[in-house]
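Dear colleague,

I am handing over the structure shown below, together with a summary of what was found in it. Please read the notes with the structure open beside them.

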Amino acid sequence: MRSPVSSPVSCGEAAVVVRGLRVTTADGRRCLVDDASLELEAGEVLGIVGESGSGKTTLGLALLHHCRRGLRIGGGTIRVAGRDLGGAAPGDLRQLRGRLVCYVPQDPASALNPALRIGTQLAECLEPRARRDRTRLLDLLRAVKLPPQANFLESFPHQLSGGQLQRVAIAMAFANRPRLIVMDEPTTGLDVTTQAHVLETVRQLCGQHAVAAIYVSHDIAVVAAIARRVAVVYAGRIVEIGPTERVLRHPAHPYTRALIHAVPDIDDATPVSGIPGHAPEAGAESSCCSFAPRCTLAVDACRERLPALVVIAAAHEVRCPRSADPEPVPPRGPVAVRAASVRPLLAAHGLRAFYGRREVLHGVSFAVGAGECVALVGESGSGKTTLARCIGGLHGEAGGSMTFHGETLPLDTRRRSAAARRRIQYIFQNPYGSFNPRRSIGASLALTLAQFETLSGSERRAKVLAALDQVSLPASMADRYPRDLSGGQRQRAAIARALITDPELLVCDEITSALDVSVQAVITVLLSELQRERGLAMLFVTHNLAVVRGIAQRVVVMQEGNLVEEGPTDAVMRRPQSDETKRLLRDAPRFTAKARGCDTL
Amino acid sequence: MSAAARSAARSAWTVRSVPAWMRGARAFFARGGAIWGAALTAAVLLVVAIGPFVAHYSPIDFVGAPFESPSLDMPLGADIMGRDVLSRVLSGGTVILSLSALATVLGVALGGLLGISAGYLKGAADDLIMRTLDVLLAFPQTILALLFVSVLGSSFLLIALLVAAIHAPQVARVIRAAALRVAGEDFVEYAKGIGIPPLKIMVREIVPNVIGPLLVEGGLRFTYSIALIAGLSFLGLAQDPPAANWGLMLNENRIGLTQNPWAVVVPVALIAILTVGVNLLTDAYGSWAVQGNRPGAPQPADIKAAEILDGPL
């Protein structure tokens with residue numbers, strides 16, 4: 001029986017060698033990935049970082065010699081353990097995938113078949129004769145730190161948590177001891193603790209079995225936690241590649257620097273800064289440096305021809321002629337901390353909430369002062385979103401009491417006064433669902449306004465345009481439909497829709513979690529400006545403690561429906577009291593985690 | 001604000017730019033079935049619309065021998081009573097078509113109303129509406145319609161209402177699934193949150209987002225209506241004999257199928273062409289809408305199997 005894995009590895013060549021890889025549209029007109037060259041040693045983890053639309057996922061898939069429909073590999077070679085994937089016949093390639101090269105998708109819930117038991121799906125990855133061997137399956141579970149029990153193999157995907165599903169997907173990928181695994185943001189949907197454990201497992205497995213891994217992510221902090229080397233991708237090209245430590249400490253490409261500035265650092269109280277301008281559309285024609293339009297350092301040479309990858313230090317290559325001239329980094333001043341207001345705006349007393357008979361909030365009491373930003377932190381399932389929904393009046397099944405401006409605030413929005421509804425505005429997590437797709441942005445804003453004020457058409461239009469202007473959206477957006485806007489623009493429009501009613505309290509439910517880090521930075525900067533300028537109070541719900549530092553004056557930590565810690569941001573971050581806060585802080589991905597990172601490999 | 005600026009601002013979000021509309025139409029007709037569907041439907045509609053005016057004879061005059069073969073004077077021959085088949089075909093579609101259209105509009109409107117209410121209100125209202133419709137579905141519908149018509153006598157309005165009542169439960173089932181999906185979206189939550197009353201939410205937030213499935217359902221139901229009403233006509237329950245009616249013509253002339261087949265074949269062909277045409281159009285509309293060529297078209301990934309399968313089928 002042919003077993004590609006056992007074919008001898010040619011001496012002197014790295015486990016994975018990619019040369020000049022190119023992915024184009026099927027008609028060859030547009031190029032989504034251009035001139036990608038990489039080498040990986042066995043057991044090494046390489047991180048690929050970039051914003052959405054940068055082509056990082058396309059590049060990741062191309063390494064398996066696979067493309068989405070409508071694309072094709074337009075050139076280059078991929079050699080894994082001495083085998084040329086490009087030269088393999090389609091039938092052979094199918095054999096190689098799953099044996100020699102493997103893929104871990106972003107969303108394991110949709111990658112696993114909901115109708116088949118976990119054991120059946122794991123067995124499918126093994127060679128036919130190994131499939132009946134229960135001990136092999138239990139070993140696989142053990143390797144990814146899942147309970148090695150027969151009844152786990154009998155369970156269905158819907159019975160497992162997101163973290164467990166992702167471990168199953170990783171077990172499936174490692175089942176045949178491939179030489180290369182491509183992981184596409186496998187931990188993006190997980191909370192920090194689960195993420196930390198999954199990253200640790202992947203690192204150990206790669207080291208033990210000498211598997212080379214590509215870890216694709218938009219979050220440079222996550223990549224820093226797992227990868228020994230990192231490649232930064234912009235507009236389909238690798239613009240910088242080098243050892244993680246060096247790239248993070250001495251980023252040479254202006255884009256890398258901007259990307260690093262956009263990531264909130266949990267150990268650093270300085271605020272983040274977004275990247276001005278927009279990333280080019282995928283496959284946009286560029287015969288020059290694609291980043292030049294957004295780059296403060298760009299010179300004529302950047303706009304005339306494509307800079308080549310230049311080695312600037314050991315194993316550190318960069319595609320920028322001005323890598324030696326660091327731009328003036330805008331000074332990052334600390335967050336302006338307002339004196340905690342003595343006047344509580346909103347207070348909750350013994351708030352309880354239910355889903356059917358299950359109680360998910362067990363008597364939570366806390367307050368938000370006027371003009372204060374309170375961060376509500378907790379892992380998924382801690383009840384933080386339910387609490388936010390209670391405050392927004394969107395969760396009917398609740399008990400306890402709330403006061404707003406000292407007056408009783410009914411729990412259900414239907415019984416609230418129009419004034420209360422107007423003063424408390426809720427912004428949703430998912431920017432893709434919070435606007436009626438059949439209505440233009442301007443009309444949606446106007447509708448909200450009409451609910452609270454009777455204005456003439458021209459006054460209403462003026463207010464809509466003013467609100468859009470406040471969130472730095474051009475007036476032309478009023479006329480666009482939600483599908484014409486990017487996620488970040490929609491979230492800004494959602495903020496504009498909240499601001500148009502002139503609210504006093506914004507309830508922001510994980511509003512940056514669906515966005516890229518660079519966009520997240522822009523939104524948090526916008527919110528803290530609004531807080532300063534308009535004296536807005538905010539309840540900022542997040543699972544990302546690092547974001548909290550840049551925006552909130554006070555932190556409330558939740559665990560399993562209870563409030564476990566509360567205090568000024570700085571005090572909580574420096575001297576956490578509860579175990580939950582300590583755990584959240586410990587597990588958050590951080591730049592400095594490199595020290596305990598891949599050196600164990 | 002100057003008048004010019006004001007009109008510019010107004011046009012900014014009241015007038016949809018023409019190119020987008022053109023692009024949508026072009027994408028629609030780029031689909032294989034769309035052009036054929038439109039052509040077939042238009043051809044039959046044309047026959048129905050101008051037919052009565054171009055007919056050579058009156059549809060109820062006796063102008064030849066029964067089942068006379070086609071001649072220059074009567075290109076499709078004569079029917080059982082010696083009336084000109086071509087003239088009867090030309091004027092026999094009006095009733096079928098208008099009754100079908102009326103029944104479809106009523107049925108889709110009623111079913112849509114019930115489905116949207118059930119999908120948005122959920123809980124007890126949902127149970128009440130859907131279980132009542134389930135009871136209606138339990139009866140064999142054509143038989144039920146025949147019973148009503150034979151007891152109450154046949155009037156156009158009664159037939160339209162009966163056919164509409166037959167459609168409503170099935171339309172409601174489909175629209176409820178679509179409304180459930182939309183009702184779970186954040187923009188509906190937001191509307192609730194700022195205190196917009198339920199009726200307004202249903203009209204302004206839900207309805208525009210289920211227009212796609214409503215139209216597709218409408219097209220599908222229209223073809224069923226044609227078949228049902230042609231069937232009722234065939235049984236003589238829609239219009240009384242001297243009147244020209246494609247369904248009735250089938251019934252009258254089937255005994256002369258060997259002498260003059262055209263008296264049966266042409267009405268059947270017209271009903272078939274119309275049915276196929278409307279089906280092609282609605283299929284094309286469905287795939288066009290799903291592929292996101294309209295603002296707010298449902299995306300395939302949004303339509304979860306669980307929601308469509310919800311409730312007994």
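Strand E4 (residues 71-80) of chain A is joined to strand E5 of chain A by two bridges, and the two strands run antiparallel. Within this pair, A:Val80 stands opposite A:Arg83 in E5(A). E4(A) and E5(A) form a hairpin with two residues between them. In that turn, A:Ala81 has a positive phi of about 50°. Please bear in mind throughout that this is a predicted model.

One pair of bridge partners is A:Val18 and A:Ile78, the latter in E4(A). Taken together, four strands of chain A form an open sheet in the order E2-E1-E4-E5, with antiparallel pairing. Strand E2 (31-40) and strand E5 (83-84) of chain A each have a single partner strand, so they stand at the edges with one side left without a neighbour in the sheet.

I turn next to two helices of chain A. Helix H18 covers residues 517-534. The buried residues of H18(A) include A:Val517, A:Val519, A:Ala521, A:Ile523, A:Leu527 and A:Gln531. Against which elements do the buried residues of H18(A) pack? Their partners in chain A are helix H11 (254-262), strand E15 (373-377), helix H17 (487-499), strand E20 (537-542) and helix H19 (545-551). Just after H18(A), A:Gly535 takes a positive phi of about 60°.

Helix H13 (residues 384-391) of chain A is mostly covered, with eight of its eight residues buried. Among them are A:Lys384 and A:Arg389, as well as A:Leu387, A:Cys390 and A:Ile391. Just after H13(A), A:Gly393 takes a positive phi of about 80°.

As to the overall division, chain A is divided into domain 1 (4-227) and domain 2 (344-433 + 503-588). The C-alpha centres of these two domains of chain A lie 37 Å apart. Eight residues of domain 1 of chain A are in contact with ten residues of domain 2 of chain A. By class, the side of domain 1 that touches domain 2 has two nonpolar, three polar and three charged residues.

Finally, there is the interface between the chains. In chain A, 26 residues are in contact with 20 residues of chain B. Helix H14 (418-423), helix H15 (441-452) and helix H16 (457-470) of chain A each supply at least two residues of the side that touches chain B. The largest share of that side, four residues, comes from H15(A). By class, the side of chain A that touches chain B has nine nonpolar, twelve polar and five charged residues.

With kind regards

Technical notes. Residues are numbered from 1 along each chain as its sequence is written. Chains are lettered from A and ligands numbered from 1 in the order in which they are written. This is a predicted model: local features need pLDDT of at least 70, side-chain atom pairs count only at pLDDT 80 or more; totals for chains, interfaces and linings use all residues. The expected span of a helix is 1.5 Å times one less than its number of residues. A residue is buried if 20 or more other C-beta atoms lie within 10 Å of its own, exposed if 12 or fewer, and partly exposed in between; C-beta atoms are placed from the backbone. Two residues are in contact if their C-beta atoms, placed from the backbone, lie within 7 Å. Two strands pair if DSSP finds at least two bridges between them. Domain bounds come from an automatic or database domain assignment. Ala, Val, Leu, Ile, Met, Phe, Trp, Tyr, Cys and Pro count as nonpolar, Asp, Glu, Lys and Arg as charged, and the others, Gly among them, as polar.
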